Amino acid sequence: MKVILNSEQIEQILKDLAGRIISESPRELDIAVIGIRSRGEILAQRLSGRLTRQLGKDVPYGTLDITLYRDDLNSPQGTAQPQVRTTEIGFDVDDKIIILVDDVLYTGRSARAAMDALIDLGRPRAIKLAVLVDRVGREFPIQADYAGYKADAAPGELVQVFLSESDGKEEVVIE
Amino acid sequence: MSKRIDSFTHKRIHEIMALKRKSKQFKWQRKHLLGLRELSAEEIIYILDTAKGFEQISTRSVKKAPPLRGKVVVNLFFEDSTRTRNSFALAASRLSADVIEFTEKASSVSKGETLLDTARNLEAMGIDIVVIRHGAGGASKLLSRNINACVINAGDGFCEHPTQGLLDVYTIRKIKGTLEGLKIAIVGDIAHSRVARSDMWAMTKLGAEVIFVGPPTLMPTQLSRLPVSVSYSLDEVIEKVDVINMLRIQFERLGGNPFPSVREYSHYFGLTVERMKRAKPDIMVMHPGPINRGLEMESEVADGQNSVILEQVTNGLAVRMAVLFLVNQAAAQRH
């Protein structure tokens with residue numbers, strides 16, 4: 001097991017991501033942050049806090065459950081049985097810049113599912129993808145707009161993100 | 001690390017994570033839903049938790065999600081139904097399945113044979129899920145043993161109506177938080193009610209105390225074998241209960257004269273405004289529909305502030321989506 005990010009580095013990445021999101025988003029447009037369950041939700045919440053403070057206007061956050069949009073639901077290769085949980089987005093996504101947040105971008109399949117799920121909720125002005133860790137191994141033509149740490153993990157390895165709210169500790173490891 | 005996370009959100013995230021850890025151990029494995037008697041409390045709670053995730057599909061801009069895309073659901077109803085049938089059809093289409101409505105009025109052939117013949121025809125069409133309602137108890141079980149598709153019981157004889165039981169406990173859980181320790185009266189024609197049976201299994205498994213209330217002529221036999229207490233007087237129980245579920249008098253099933261007159265029944269077992277005055281202020285009033293207004297329940301009560309009758313219908317949709325989703329998942333992972 002190798003620790004690739006510690007707690008300070010995670011905070012620094014979130015700070016950088018927030019800075020880049022602000023500098024690249026037109027001031028006149030509304031931004032909202034939506035996290036993919038489960039750890040994307042926590043990161044989205046932290047990002048929304050930073051953006052709200054720095055922009056001086058409310059940047060709401062929500063949570064997206066992508067289970068119903070997964071591409072392995074009816075496939076015998078789908079190993080785990082995913083539990084359907086709730087999507088909680090208390091604002092209108094129409095015409096907003098949606099910052100979609102996940103902890104790790106790997107195959108791109110979750111991001112694909114999340115985009116389909118989002119579009120069923122309305123028509124955002126744009127969807128931008130922000131991730132803490134950008135891991136090599138894409139299976140879909142999807143790239144992050146705002147990527148934190150670039151990890152070069154081997155196919156059998158596992159990149160795991162631990163966050164204090166859910167795991168009681170704050171680090172990213174490869175095992 | 002952010003210090004701006006309020007304690008409420010913190011607590012919620014912990015709950016979600018606890019749920020996630022728990023659900024990792026649990027796996028839904030039934031490709032048929034035939035009744036609630038055979039389900040564990042854990043399985044029932046898993047369905048209810050899953051249903052929560054389906055509620056929002058009905059409230060957003062595109063009221064459809066793709067998990068049953070390319071699947072075919074057959075509504076095989078040998079008895080009349082509006083609510084259940086439409087609810088299943090809508091639930092299946094919201095999950096992107098194709099729905100076939102199969103109506104077959106009872107023929108002169110014995111019901112068992114008709115059913116299996118029909119089943120073979122359905123198999124030949126390549127369907128994935130059969131939702132069946134039949135006048136004979138055990139019909140869905142018989143079907144499940146003879147076809148490869150998933151089978152969901154939408155009511156069989158006087159035995160079970162599992163999705164009604166599930167939507168009832170879902171509604172109670174949503175409003176009261178838990179069923180643990182609640183006193184629930186199920187009132188009316190218990191003998192002919194599959195709803196009463198499915199409710200009884202689900203409610204008692206989740207920790208509620210169930211009281212069957214009605215005239216002796218409308219009580220089932222062998223009551224002592226069931227996990228319920230019995231009362232022949234609504235006035236005796238009305239003050240004690242947290243939830244009251246008023247069953248419909250099913251005139252189409254009643255033989256003989258189980259009660260002297262409709263008026264007398266209504267006098268002793270109807271939920272009237274007068275009786276409601278003696279009930280707990282937060283009593284939940286339920287009815288599986290369709291209501292005989294003025295008979296088992298006065299209109300003022302059916303439309304009153306304690307009534308959750310329309311919420312039951314709305315919740316039924318989410319519960320049925322969850323059941324369709326889960327049986328299909330179990331089938332997909334068996335291949």
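1. Asp95(A) counts as exposed, because 12 C-beta neighbours lie inside 10 Å. Phi of Asp95(A) is near 65 degrees, a positive value in a residue other than glycine. Asp95(A) belongs to the loop between β3 (61–64) and β4 (97–105) of chain A. Here and below, helices (H or I, at least four residues) and strands (E, at least two) are DSSP runs, numbered from the N terminus.

2. The model is predicted: local features need pLDDT of at least 70, side-chain atom pairs count only at pLDDT 80 or more, and totals for chains, interfaces and linings use all residues. Residues are numbered from 1 along each chain as its sequence is written, while chains are lettered from A and ligands numbered from 1 in the order in which they are written.

3. Further backbone features deserve a check. Most residues other than glycine have a negative phi, and most peptide bonds are trans. Ser96(B) has a positive phi, near 75 degrees, and is placed in the loop between α3 (83–94) and β3 (98–103) of chain B. Ser96(B) counts as partly exposed because it has 15 C-beta neighbours inside 10 Å. In chain A, the peptide bond from Arg37(A) to Ser38(A) is cis, with omega near 0 degrees; Ser38(A) is found in the loop between β2 (31–36) and α2 (39–55) of chain A. In chain B, Gly289(B) and Pro290(B) are joined by a cis peptide bond with omega of about -10 degrees, and Pro290(B) lies in the loop between β10 and α11 (299–302) of chain B.

4. Chain B contains 12 helices and 10 strands. Of its 335 residues, 42% count as buried. Among contacts in chain B between residues at least 6 apart in sequence, 77% join residues at least 24 apart; two residues are in contact if their C-beta atoms, placed from the backbone, lie within 7 Å.

5. The domain assignment of chain B gives domain 1 (28–159 + 315–330) and domain 2 (162–310); such bounds come from an automatic or database domain assignment. The C-alpha centres of the two domains lie 25 Å apart. Contact between them involves 22 residues of domain 1 of chain B and 20 residues of domain 2 of chain B. On the domain 1 side, the elements that give two or more residues are α2 (41–55), β5 (150–156) and α12 of chain B. By class, that side has 12 nonpolar, six polar and four charged residues. Ala, Val, Leu, Ile, Met, Phe, Trp, Tyr, Cys and Pro count as nonpolar, Asp, Glu, Lys and Arg as charged, and the others, Gly among them, as polar.

6. Strand β4 (residues 129–134) of chain B is mostly covered, with six of its six residues buried. Ile129(B), Val131(B) and Arg133(B) are buried on one side, and Val130(B), Ile132(B) and His134(B) on the other. Strand β2 (residues 72–77) of chain B pairs with β4(B) in the parallel sense over five bridges; strands pair if DSSP finds at least two bridges between them. The bridge partner of Phe77(B) in β4(B) is Arg133(B). Five bridges also join β4(B) to β5(B), and these strands run parallel. Here Val131(B) has Ile152(B) of β5(B) as its bridge partner.

7. A parallel open sheet of chain B has five strands in the order β8-β7-β6-β9-β10. Strands β8 (229–231) and β10 (284–286) of chain B stand at the edges with a single partner strand each, so one side of each is left without a neighbour in the sheet. Neighbouring strands are turned by 20 degrees against each other on average, direction ignored. Strand β9 (residues 243–246) of chain B pairs with β10(B) in the parallel sense over three bridges, and Ile244(B) has Val285(B) as its bridge partner in β10(B).

8. Helix α6 (residues 162–176) of chain B packs with helix α12 (residues 309–332) of chain B at an angle of about 115 degrees, with their axes 8 Å apart. Axes are lines fitted to C-alpha atoms, for helices over the stretch in contact, and angles run from 0 to 180 degrees between N-to-C directions. The residues of this contact divide into five nonpolar, five polar and four charged.

Methods:
A residue is buried if 20 or more other C-beta atoms lie within 10 Å of its own, exposed if 12 or fewer, and partly exposed in between; C-beta atoms are placed from the backbone.
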